Amino acid sequence: MSQIYVGIDISKEKLDVALRPTGEFLQFRNDEEGIEELKKRLLCLPVAIVVMEASGGYERLVFAILSLSGIPCSLVNPKRVREFAKSTGKLAKTDKIDAFILAWYGEAIKPKVTSLSDGRIQEIRELIERREQIVKMKMAERNRLDRAFGKVRESILLVLACLEERLKEIEKEIEAKLKEVEEVREKVELLMSMKGVGKITALTFAVKLPEMGKVSQKKIASLVGVAPMSDESGKRKGKREIKGGRKEVRRALYMATIAAIRFNPMIREYYERLVGRGKAKKVAIVACMRKVFLVHILNAHRLMPNTQRI
């Protein structure tokens, strides 16, 4: 029998499962009993890979059970799968269609197998994102507090107290998860040894940029969004600008760079030299972001492959 590519569209209640090239479609409950039935079915087949999207936590149990049983699973970015679907002309969207698109994506793209360690990293990533949401809610409530009086002020203060409690709980959960993933913990400790890089910034780099130490300097700069992109067509030569990249990582890098400009003599001198040459302050900060990231964070902390050191 030829290899089978499995796509699983996951919702809170059920699992929609598509098999390629057989065209078979199955449904199971998204609970331990249903997942065990799915596991038994897949163990009887020559499964090449099972593809599922990271869908807000509903995928964790099925991913853990299938992975522990030795079935190769890949957690993929929903945006990439949607772009793949559009490129093939599949614009309709139902749970069944999505399951077959995931199976097709697995057959055509052959995404890498996601390890259990990667699954735990995904959990940390989700916790960090939740922490960011709570911090934004706290900021919004604090902004309202200045203009609030009486009962409205009391209400805002209660919400702020509740958010502070939730924030502490999330941070404790992050610490607990961090102890389970040695690879991330070691990177965080290395990054925090640099002045200006705090715990959350280090976590953001370690979790949202897992390629650190695995790809080239040029590629990593592009992933962060600090690599200047050419804008040329025919005889026209536009200004090179930074584009794309992971905005959460770039935001964290920006904050680390602002701290480095203040406290790191070498970065401060570099920034002042650029401004002195007439460079706009924003352009100088971006140049410092590249220097801070590529030289200090990656090279100084041995997070680049040896062949790619600056």
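How many residues line the largest pocket, and which of them lie nearest its centre?

Modeller: This is a predicted model, in which local features need pLDDT of at least 70 and side-chain atom pairs count only at pLDDT 80 or more, while totals for chains, interfaces and linings use all residues. Residues are numbered from 1 along each chain as its sequence is written, and side-chain values use heavy atoms, with hydrogens and water left out.

The largest pocket is lined by 31 residues, and those nearest its centre are Asn77, Arg80, Arg125, Glu211 and Arg246. A pocket here is an open set of points on a 1 Å grid over the protein atoms alone, where a 1.4 Å probe fits and protein lies on both sides within 12 Å along at least five of seven lines; lining residues have an atom within 4 Å of a point. The largest pocket holds about 1,300 Å³ of space, a volume filled by probe spheres set on grid points joined across faces, edges and corners.

At least two lining residues come from each of E5, H3, H4, H5, H9 (217–224) and H10 (247–263). Helices (H or I, at least four residues) and strands (E, at least two) are DSSP runs numbered from the N terminus. H5 gives the largest share of the lining, five residues.

Now H3, which spans residues 78–87 and has Val81, Phe84 and Ala85 as its buried residues. Buried means under 20% relative accessible area, exposed over 50%, and partly exposed in between (1.4 Å probe, protein chains only).

Just after H3, Gly89 takes a positive phi of about 85°.

H4 has 15 residues and reaches 21 Å from its first C-alpha to its last, close to the 21 Å expected; the expected span is 1.5 Å times one less than the number of residues. Its buried residues are Asp98, Ala99, Ile101, Leu102, Ala103, Tyr105 and Gly106. They pack against E1 (4–10), E2 (14–20), E3 (25–29), E4, E5 and H3. Just after H4, Lys110 takes a positive phi of about 50°.

Glu123 is in H5 and counts as buried, at 17% relative accessibility. Leaving aside neighbours within four places in sequence, Glu123 is in contact with Arg60 and Lys177. Met139 is also in H5, residues 116–145, but is exposed, with a relative accessible area of 51%.

In H10, Thr257 counts as buried at 0% relative accessibility. With the neighbours within four places again left aside, Thr257 is in contact with Ile285, Cys288, Met289 and Val292.

Key:
Contact means heavy atoms within 4.5 Å.
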